[in-house]
Amino acid sequence: MFDSNTGSVLSAEQIDGYFRHIHVPDSYLRDQRPELDITFLSTLQSCHLSRVPYENLALHYAENSSISLDVADIYGKVVVDRRGGYCMENNIFFYHVLRFFGFQVYLTGARLHRTGDSQPSGWSGWEHSVNIVTLPDQQRYLVDVGYGGNGPTAPLPLTPNVTLRNLGTQEVRLSYDQKPNYHSIQRNLWTYQFRNTGDQPWVSAYAFTEIEFTLRDFEVMNFFTSRSPDCFLTSRLLVVKFLRRDDGIYGKLILDHDRVKKNLGGKSILIQTCTTEEERVNALEVHFGIRLAKEERSGIKGRISSLTC
């Protein structure tokens, strides 16, 4: 049921369960009535990223690939089943968490920037989602808990060309200008960019407008990203989980198809190569805390993403 007072479909009990799952400090629990400030917002983002992985396993380990954007389904997947999700699942769920507490927030879509590899280079269609949060001081922030390994680990102010440290030596920023290959009538777009060291060129990750997207918009996007063979998510398995300690996020674990890598703020280190499905399923449990049911494990048979059985 939609709560007309908070604008969220999540109940107080569900918020409490989610907070226990992501290990939110006691000072930010619901009954403490935390201030809607940058510290609370940053804490929520950090806790979510370190406990709710970016993952697209439901597109591979399932007999019938399907991603639900219903918040009750996402809650069950994240909190009850201890799983994660891909961009729209994570950011739509996080939107409702923020709305529950009274944050001024809305969702918008983003175009991904491809650099080649198995996909044509250039800008995609609307395939990503992000949150735009306005704090009481009227400063606006990009808040994204669903991009994956190179995503922002803290709120990023909607101010052009302000460089912030992200993870290790990685820097992130937002630019605001017209994108190449767009018609002159196209409005300027915000672009999220990153670079791994200060002497490297900026890499554009995605671009977004300030237009609010509705659930129906994301349902159309979700149909493509979860079903089309032209979307890399349907052919490549990816899991990303950030690592956090008391002073914040310090690293990340990545499962990219068959390779498990760890990055502690510098270069990624290969810690395991999976050669069979049994090894990969075991790696998901050992490294990411994800335990797949028997029917899920059998669902990958015959898929392009399957390893030798």
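Asn263 is buried, with a relative accessible area of 8%, where buried denotes under 20% relative accessible area, exposed over 50% and partly exposed the range in between, for a 1.4 Å probe and protein chains only. The structure is a predicted model, in which local features need pLDDT of at least 70 and side-chain atom pairs count only at pLDDT 80 or more, while totals for chains, interfaces and linings use all residues. Residues are numbered from 1 along each chain as its sequence is written, and side-chain values use heavy atoms, with hydrogens and water left out.

Asn263 belongs to strand β12, which covers residues 259-263; helices (H or I, at least four residues) and strands (E, at least two) are DSSP runs numbered from the N terminus. The side chain of Asn263 reaches the backbone nitrogen of Gly265 at 2.7 Å, a polar contact being a pair of N or O atoms within 3.5 Å of which, within protein, one must be able to donate a hydrogen and the other to accept it, with residues adjacent in sequence counted only if both atoms are side-chain atoms. When neighbours within four places in sequence are left aside, Asn263 is in contact (heavy atoms within 4.5 Å) with Tyr250, Gly251, Lys252 and Ser268.

Helix α2, residues 38-51, reaches 20 Å from its first C-alpha to its last over 14 residues, close to the 20 Å expected at 1.5 Å a residue, the expected span being 1.5 Å times one less than the number of residues. Because 10 of its 14 residues are buried, α2 is largely enclosed by the rest of the structure. Among these buried residues of α2 are Phe40, Leu41, Leu44, Cys47, His48 and Leu49, and the buried residues pack against α1 (12-22), α4 (87-101), β3 (122-134), β4 (140-143), β10 (238-245) and β11 (248-256).

Helix α3 is likewise described by its burial: seven of its 10 residues are buried, so α3 is largely enclosed by the rest of the structure. The buried residues of α3 are Val71, Ile74, Tyr75, Gly76, Lys77, Val78 and Val79, and they pack against α1, β1 (54-55) and α4. At the start of α3, a side-chain oxygen of Asp70 comes to within 3.0 Å of the backbone nitrogen of Ala72, and the helix is followed by Arg82, whose phi is positive, near 60°.

The second largest pocket has a volume of about 440 Å³ and is lined by 21 residues, of which Ala58, Lys77, Asp81, Arg83 and Glu296 lie nearest its centre. The elements that give two or more residues to this lining are α3 (71-80) and α7 (294-298), with the largest share, four residues, coming from α3. On a 1 Å grid over the protein atoms alone, a pocket is an open set of points with protein on both sides within 12 Å along at least five of seven lines, a cavity is a set of points where a 1.4 Å probe fits but cannot get out, and lining residues have an atom within 4 Å of a point. Grid points are joined across faces, edges and corners, and a volume is the space filled by probe spheres set on the points.

One cavity of 30 Å³ or more is found in the whole structure. The largest cavity holds about 70 Å³ of space and is lined by 13 residues, of which Leu49, Tyr54, Val145, Gly148 and Phe242 lie nearest its centre.
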